[in-house]
Amino acid sequence: METDGEQPLATAAREAQQALRQTFTNLRFEDFGPAPVKGPLYQANAGGRMLYFAPESGHLLFAAVYDRNGVNVTALAQDAGARKRLKSIDPASALAIGPVDAPQVIEFTDPECPYCQALDRYWSTKAAEGKHVRRLIFFVSGVHAQAAAKAEHILCAEDRAAAYEAIYSGNTPRTLIKCADGARDVAVHGETVRRLGVSGTPTLFLGEKMISGFQQAEIEAWLEEQSTKIKPSP
């Protein structure tokens, strides 16, 4: 109930702060006040990343939304979108590296992206530890100047896995191989990238979960989960 002399906005702020304390009892906060966002919020998926738009005030929010039980509903929506987009991927068009029977990773990468190169070193380290994965690799070649040429070189090579490792370790040959099949495959990868809305590298699909960037802790957790699964008897 509004007290004497209290303005409606002040009453609303007081009630909102009280509701926040009651709903998220373990949260400590200060400087509580009105946000610049006005009106309803709408959710959209932009290249696998969830964002929120408030048309009334013209604000765009990149945020994680949690419910009263502490569940990250933004992450749930992002994973649901990832599952939908996975259906449009043709595994046969990917560059496959790693044992056929290992856990599968779908990887979008750029040969000139330093984080992609760091991820490749990480996979090599994990393989040395006996934690192999089967990487289905798609090249993102619209950002860096030499990305498409390096991707084509890899896809044209007789030993594509070896060419991949050489390029990603910094051993780029003076002359890059070109071929019609490689150019076609680069174009196919580009179409897959556009269809899925992948906007950054590396982007990984671990099962039905999408990870943007080299998020080592999340990858480690997934690998640990894979290692604890009971393998069926042959």
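In helix H3, the residues Cys116, Ala118, Leu119, Asp120, Tyr122, Trp123 and Lys126 are buried, where buried denotes under 20% relative accessible area, exposed over 50% and partly exposed in between, with a 1.4 Å probe and protein chains only. The structure is a predicted model, in which local features need pLDDT of at least 70 and side-chain atom pairs count only at pLDDT 80 or more, while totals for chains, interfaces and linings use all residues. Residues are numbered from 1 along each chain as its sequence is written, and side-chain values use heavy atoms, with hydrogens and water left out.

Helix H3 covers residues 114-128 and reaches 21 Å from its first C-alpha to its last over 15 residues, close to the expected 21 Å, the expected span being 1.5 Å times one less than the number of residues. Helices (H or I, at least four residues) and strands (E, at least two) are DSSP runs numbered from the N terminus. The buried residues of H3 pack against S5, S6, H5, S7 and helix H7 (216-228), contact being defined as heavy atoms within 4.5 Å. Just after H3, Gly130 adopts a positive phi of about 90°.

An open sheet is formed by 5 strands in the order S4-S6-S5-S7-S8, with mixed pairing; two strands are taken to pair if DSSP finds at least two bridges between them. Its edge strands, S4 (95-97) and S8 (209-212), each pair on one side only. Neighbouring strands of the sheet are turned by 20° against each other on average, direction ignored. Helix H5 (residues 160-168) packs on this sheet, touching S4, S5 (104-109) and S6 (134-139), and its direction makes about 65° with that of S6; axes are lines fitted to C-alpha atoms, for helices over the stretch in contact, and angles run from 0 to 180 degrees between N-to-C directions.

Strand S7 (residues 203-206) runs antiparallel to S8, to which it is joined by 4 bridges, and Thr203 has Ser212 of S8 as its bridge partner. The two strands form a hairpin with 2 residues between them, and Gly207 in the turn has a positive phi of about 65°. S5 and S7 also run antiparallel and are joined by 4 bridges, with Ile106 standing opposite Phe205 in S7. Within S7, Thr203 and Phe205 point one way and Leu204 and Leu206 the other, and all are buried.
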